Amino acid sequence: MRTFRIGGIHPKSNKLSAGRPIESIAPPAEAVISLGQHLGAPATATVAKGDKVKVGTLIGKATGFVSANVHSSVSGTVSKVDMMTDGSGIARQAVFITVEGDEWEDCIDRSEEIIHDCPLIVPDIIAKIEAAGVVGMGGATFPTKVKLSPPPGIKAEILIVNAVECEPYLTADHSLIMAKAEQIVVGTVILMGALGIDRAVIGVESNKPDAIALLSRFARKRLGVEVMSLKVQYPQGGEQQLIDAVMRRQVKSGALPVSVGAVVQNAGTVYAVYEAVQKNKPLIERVVTVTGKSLAQPSNFLARIGTPVRSLIEAAGGLPEDTGKIIGGGPMMGRAMVSADSPVMKGSSGILLIKSDESVRREMHDCIRCAKCVRACPMGLEPSLLMNLTEYKVWDTAEKNYVVDCIECGSCNYVCPANRPLLDYIRVAKAKVTGIIRARKI
């Protein structure tokens, strides 16, 4: 069974919400919708205080090639356009909407009918995806239209649908597949058409046999679509690791995945593409896993963008008394949230409640040169060296040792017997070196 060939670890899965069907969360009393919830330039507000909006109304216009439209997920009145603080503590401009009813834009098809055929030509497919504000929903939030527009002279050979969901605890993609497998396969075919290719592989780890069986049932009806069962190994959901597992090709440092012929899209993104192209529905809601060992009811919720995280936690049984941290995302790549009042964003795949006794940093010891971090790194880096270079601010050497290639998977932290915060230091170096590289290009 295939997997990637460099590094990797096997953390305990803790899929506490596996098998739980998707439950819809009612719209909040007030939605706070960030204009900067995607990679690239923030959108520019197209509404002002006092404006009336419906579900699906454009409220933020993309401001560049790497940017994305933002739409209202609720109906009501814009109370203000002001700064808000996201889950990571970053200030962003947002549209605040007082919710009144649940009126949708007329152009959105809300029926349950599955539309299989797409007669649109390539530019029209991409235009619909762009208009709908679709971004990568695995967490990176890279605008999908950009991935469908490779540089001149480079052509994709294969579409890889990332249905791996290797991050412990999270089951949002798994639950979505079990509910919307046929639509995901249709979305895969639409993306194949947009890329002008005739092959797609949906990669799923072997610990999800029900998802593999269901996707295979619908993929068999579509020429060129294959479902590939992959060996369970973290972080197989990383683009470069998934490409290696599926194609046996490795992306060179600094290169795009399409340089080896691959375009990778998350399963949730593929479903959003289906809804955008076939249903005229912008990206206004997503599935979010809310989980934790002390949580009463670990669940998978369909939540409107802009819904307070606190509402999801309450729907899952409320905040346990022994909660030490609230993590946005999974335990490996997620980050501690500054407030449960921060809103659900397009990239919000999960909310993890960590118990107090598990959220405290263990005492750090000196490095014992065991090289476990080196063996675990899926990018072939030397995390212990990069941490040392960061401590002494040797940025040129950190750059030469490919610090910017780090995918921040946390594998090095997980295996370190000395409890050294390797990833924390590497993140600092990565940000610093990236800034230096950008400054050289000015």
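Predicted model: local features only at pLDDT ≥ 70, side-chain atom pairs only at ≥ 80, totals over all residues.
Residues are numbered from 1 along each chain as its sequence is written, and side-chain values use heavy atoms, leaving out hydrogens and water.

Let's start with α10, residues 383–391; helices here are DSSP runs of H or I, at least four residues, numbered from the N terminus. Which of its residues are buried? Pro383, Leu386, Met387, Leu389 and Thr390 are, buried being under 20% relative accessible area with a 1.4 Å probe and protein chains only. They sit on the same side of α10, because they cover an arc of only 160° around the axis, taken from the directions from the helix axis to the C-beta atoms. Just after α10, lysine 393 has a positive phi of about 55°.

Now the cavities. On a 1 Å grid over the protein atoms alone, a cavity is a set of points where a 1.4 Å probe fits but cannot get out, and lining residues have an atom within 4 Å of a point. The structure has two of 30 Å³ or more. The largest cavity holds about 100 Å³, the space filled by probe spheres set on the points, which are joined across faces, edges and corners. Of its 16 lining residues, Cys377, Pro383, Cys406, Cys409 and Cys412 lie nearest the centre.

Conventions. Buried < 20%, exposed > 50% of the residue type's maximum accessible area, 1.4 Å probe, protein only. Helix = DSSP H or I, 4+ residues; strand = E, 2+ residues; numbered from the N terminus. 1 Å grid on protein atoms, 1.4 Å probe; cavity = no way out; pocket = protein on both sides within 12 Å on 5 of 7 lines; lining within 4 Å.
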